[in-house]
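The tour below gives selections one after another, with a note on what is found at each stop.

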Amino acid sequence: AQEQEYSRVIDTANAPIFGVDVNGKVNVWNQHASSVVGFTVEQTFGRPFVSDFISEDFRASVQEVLNKALRGDETANFQLPLVTANGTRVEILLNATSRKDAEGRIIGVVGIGQDITARIA
């Protein structure tokens, strides 16, 4: 029941929220992320986040942020460009944090973002 509540809060949050498993595959993609980026949950789940949704020039730095979070080292206010469904770019200010299971093992990364595209244009 708590997991369902957690999922509902994430899905309806007024911020883009993305998550990946330990292999970097998308496993969290909320409604706001869909509206900002244009890809639906169904279009993103199971796909590699960095290679499929990050512009090429930022892939290495975004991968490093994910790797750090998978080691338990969280990153705040990291700017990353997401490639939208129509091929344009949106700038997201992201806080990346580790996701843990009930035993405290890191099982992935969740990022809560803010669309700052208009602010930096």
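Select strand 1 and strand 2: they form a hairpin with four residues between them. In the turn, Gly 24 has a positive phi of about 80°. Helices (H or I, at least four residues) and strands (E, at least two) are DSSP runs, numbered from the N terminus. This is a predicted model, in which local features need pLDDT of at least 70 and side-chain atom pairs count only at pLDDT 80 or more, while totals for chains, interfaces and linings use all residues. Residues are numbered from 1 along each chain as its sequence is written, and side-chain values use heavy atoms, with hydrogens and water left out.

Strand 2 covers residues 26-29 and runs antiparallel to strand 1, with three bridges joining them; two strands pair if DSSP finds at least two bridges between them. Pick Val 20, whose bridge partner in strand 2 is Val 26.

Now colour strand 1 (residues 17-21) by accessibility. Four of its five residues are buried (under 20% relative accessible area, with exposed over 50% and partly exposed in between; 1.4 Å probe, protein chains only), so strand 1 is largely enclosed by the rest of the structure.

Last, select Phe 45, in the loop between helix 3 (41-44) and helix 4 (49-53). Phe 45 counts as partly exposed because its relative accessibility is 42%. Not counting residues up to four places away in sequence, Phe 45 touches Val 26, Asn 27, Val 28 and Trp 29, where contact means heavy atoms within 4.5 Å. From Phe 45 to Val 28 the C-alpha to C-alpha distance is 7.4 Å, and they are 17 residues apart in sequence.
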